[in-house]
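User: I'd like to learn how to read a few features of a model. Could you walk me through them, general idea first?

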Amino acid sequence: MSPHAFPAMAAAAVELDQVSVAFARPVLHEVSLRVATAETLAVIGESGTGKSTMLRLILGLQQPDVGTVSVMGHSLRAIGRAEQRTLRAQIGMVFQGAALFDSLTTFENVAFGLRESGVMAEPAIRTRVRETLALVDLDPDEVSQTLPAQLSGGMRKRVGIARAIAPRPALLLYDEPTAGLDPLTSNTVTALMQRLQQELRVTSVVVSHDVRAMVRIADRIALLHEGRFVFVGAPDAMRASDEPYTQSFLAAA
Amino acid sequence: MRSVLAYSGETTPRPVQPATQLCQFPQPLVVRRLFQSSILSLQDVLLLAWHTVRSLPGGRGAGARLIAQLDAVGVRSVPIVMLTGLFTGMVLALQASVQLKQFGATLFVGRFVAASMLRELGPVLSGIMVAGRVGAGIAAELSSMKVTEQLDALETMGAEPIRVLVLPRVIAAAIAVPVLALIADIAGLVGASLVSVMYLGVPISAFFQAAIDQVVIDGFVFGMIPSDLVQGILKPLAFGLILSLLACHHGLRATGGTAGVGVATTRAVVSASITILIADYFLTQLLLVLL
Ligand SMILES: Nc1ncnc2c1ncn2[C@@H]1O[C@H](COP(=O)(O)OP(=O)(O)OP(=O)(O)O)[C@@H](O)[C@H]1O
Ligand SMILES: [Mg+2]
C-alpha cells in the first residue's frame with residue numbers, strides 16, 4: 001500500500017519499506033510507511049497489533065524478517081555499531097511504562113543520555129536537566145533527588161518524556177504516552193506533547209489508542225489492523241474515510 | 001487432568017503422557033531435550049562471556065560501577081560467609097575429634113580442618129552462599145529491568161547492557177569470591193580451633209601449628225606459593241565467574257512480565273549452585289594433575 005498524503009518535497013525521517021515481522025504468528029505484514037521530517041505521525045490500533053514492535057524496529061532493537069527500515073536516510077540493516085550509536089543519539093524514546101532506571105534518581109535518569117554521549121560537560125548537563133524538567137512541568141528542586149518508585153504514574157511519564165527529550169533529539173518516539181493515566185493527567189501530557197512539538201520542532205511518531213488525543217496533535221494518522229495499515233492520512237480524511245474498519249474503530253472511540 | 005495442569009499457568013494443556021510411557025527408562029526424548037537445551041544455554045552463556053570480555057575496559061564510569069558492585073557482591077557478603085565458615089569449621093573439628101580421639105591423635109584436628117577448608121569447603125561454600133545471595137539479586141535486578149523495558153532504554157541511550165550491567169558484576173564476583181573464600185577459611189580455622197581447645201584440650205598454638213604443617217606438607221607451587229592456597233583461590237575465582245555469568249544470563253533472558261522475574265531468579269540460583277559443584281569436581285581433578 002502506498003503512503004497517503006506524504007508531503008512530496010520533505011525528506012523522510014523514517015521509512016519502512018515492505019517490512020514483515022512474525023513471532024509465533026505474523027505481526028506486521030509487508031508494511032510500508034514514511035514519516036516526513038518535522039511531521040507528527042500517530043499510529044493507532046488495537047492492543048497487540050504490533051505498534052510497539054514498529055517502534056522497536058525504528059530503534060533498531062529488533063530486525064525485521066523481511067524489508068528495510070531506514071532512519072534519517074540510513075538503512076538499519078547495513079549499519080555498524082558506531083553508526084548505530086550516533087543514530088540512536090538522535091532518537092528519543094518514551095517507553096510504554098516509562099522504563100525509568102529504578103536505582104537512579106530523577107535527575108540521574110534525565111541526565112543519563114547526556115552523560116553517556118559524553119559531549120556535554122557536567123555543569124551544562126545540570127542546567128539542561130533543570131531546563132528539561134521545567135519543560136515537562138516538573139519542579140526541578142522538588143523531584144531531582146527522588147527515586148522513580150516515589151513518583152506518581154503521571155510524574156513518571158513526564159520524567160520519561162524529559163529523559164527522552166533532554167539530548168534534544170531529531171526524532172521522538174512515544175509508546176502509549178497517555179495510557180493508564182486519569183483523563184486530566186492524560187490531557188496534561190497531550191498538551192505537553194503538543195507544546196514540545198511547537199517548541200522543539202522534532203519529528204514525532206506517537207503510538208496510542210487514544211484516538212481523540214491523536215486527532216488533536218497529529219498531522220497524519222496511521223491505523224494498524226491485522227498487520228497492515230488500513231488507513232494513513234490526515235485526521236479530517238480519517239473521519240471522511242469510508243474504509244469499514246476505520247469507521248468502526250472511530251465509532252468505538 | 002486439566003485441573004492438575006492448570007497451576008502451571010499454561011494456556012493450552014499439554015497432552016498427558018500415559019503412565020506406562022512415563023515409567024520407561026531411558027526416556028530418549030526427555031533426555032535428548034534436556035541435553036539439547038543445556039547445550040544451547042551453554043552456548044549462550046559462553047557467548048555472553050565473550051561479549052563481556054569484548055566490552056572491556058567498560059567505558060565511562062566503569063570504575064565507579066565496579067566499586068559499587070564490589071560493595072554489593074563482596075563487602076555485603078562478608079557476614080554470611082563468615083558465619084558459614086565459622087560453623088563449618090566448628091562442626092568439622094567436632095566430627096574429626098570423634099574419629100581421631102580413638103587413636104589419641106587429637107593434634108591432627110588442625111591438619112584435617114586446614115586441608116578441607118582451604119581446598120574444598122571454603123571455595124565451595126562461599127561460592128554457593130554467594131550464588132544464593134548475589135546470584136539471586138543479580139538475576140532479579142536484571143530480569144526486572146528486562147521486563148520493564150529498562151534494558152531497551154539503556155540500549156537506546158547508547159549504553160549496552162552487557163557493558164554497563166554484566167561486566168562490572170562479573171569482574172566484581174571474580175574478585176570478591178576468592179577473597180570471601182579466604183575469609184571463610186580463616187573463620188573456619190578459628191571455629192575449629194575454639195572447638196579443639198574447648199573439647200579436646202589442644203592448646204591453640206598446637207592447633208595452628210598443625211594447620212600450618214598441613215599446608216607445608218601439601219607443597220608449594222614455584223617453591224613459594226602453597227598449593228592449598230592456589231586451589232583455594234583459583235576455584236572460587238572460577239565459581240565467581242560461573243555464578244555471575246549464569247545470573248546475568250538468566251536475568252537478561254527473562255520473559256513474561258513480573259512472573260518472569262521469579263523464574264529467572266530460581267533458575268539462576270539452581271543452575272549456579274549445581275554448576276559450581278560439578279565444576280568443583282573437574283577443577284579439582286585438573287589442579288591435582290597440574291600442581
Ligand atoms: N519478543 C516477543 N516474543 C514473542 N512475541 C512477541 C514479542 N514481542 C511482541 N510479541 C507479540 O507481537 C504482538 C505485537 O506486540 P506489540 O507489543 O507490538 O503490540 P502493541 O500493538 O504494542 O500492543 P499494546 O497496545 O498492547 O501495547 C503481540 O501479539 C505480542 O504477543
Ligand atoms: Mg505496545
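Analyst: Happy to. Helices (H or I, at least four residues) and strands (E, at least two) are DSSP runs, numbered from the N terminus. After α6(B) comes Glu149(B), with a positive phi near 70°.

User: What should I know about the model itself?

Analyst: This is a predicted model: local features need pLDDT of at least 70, side-chain atom pairs count only at pLDDT 80 or more, and totals for chains, interfaces and linings use all residues. Residues are numbered from 1 along each chain as its sequence is written, chains are lettered from A and ligands numbered from 1 in the order in which they are written, and side-chain values use heavy atoms, with hydrogens and water left out.

User: Which residues coordinate the magnesium ion (ligand 2)?

Analyst: Donors are N, O and S atoms within 2.8 Å of the metal (3.2 Å for Na, K and Ca); water is not among the atoms, so sites may look incomplete. In this case, Ser52(A) through OG and Gln96(A) through OE1 coordinate the ion at 1.9 to 2.6 Å. They sit 44 residues apart, Ser52(A) in helix α1 (residues 51-59) of chain A and Gln96(A) in the loop between β6 (91-94) and α3 (106-117) of chain A.

User: How are Ser52(A) and Gln96(A) classed by relative accessible area?

Analyst: Buried means under 20% relative accessible area, exposed over 50%, and partly exposed in between (1.4 Å probe, protein chains only). Ser52(A) is partly exposed at 25%, and Gln96(A) is partly exposed at 34%.
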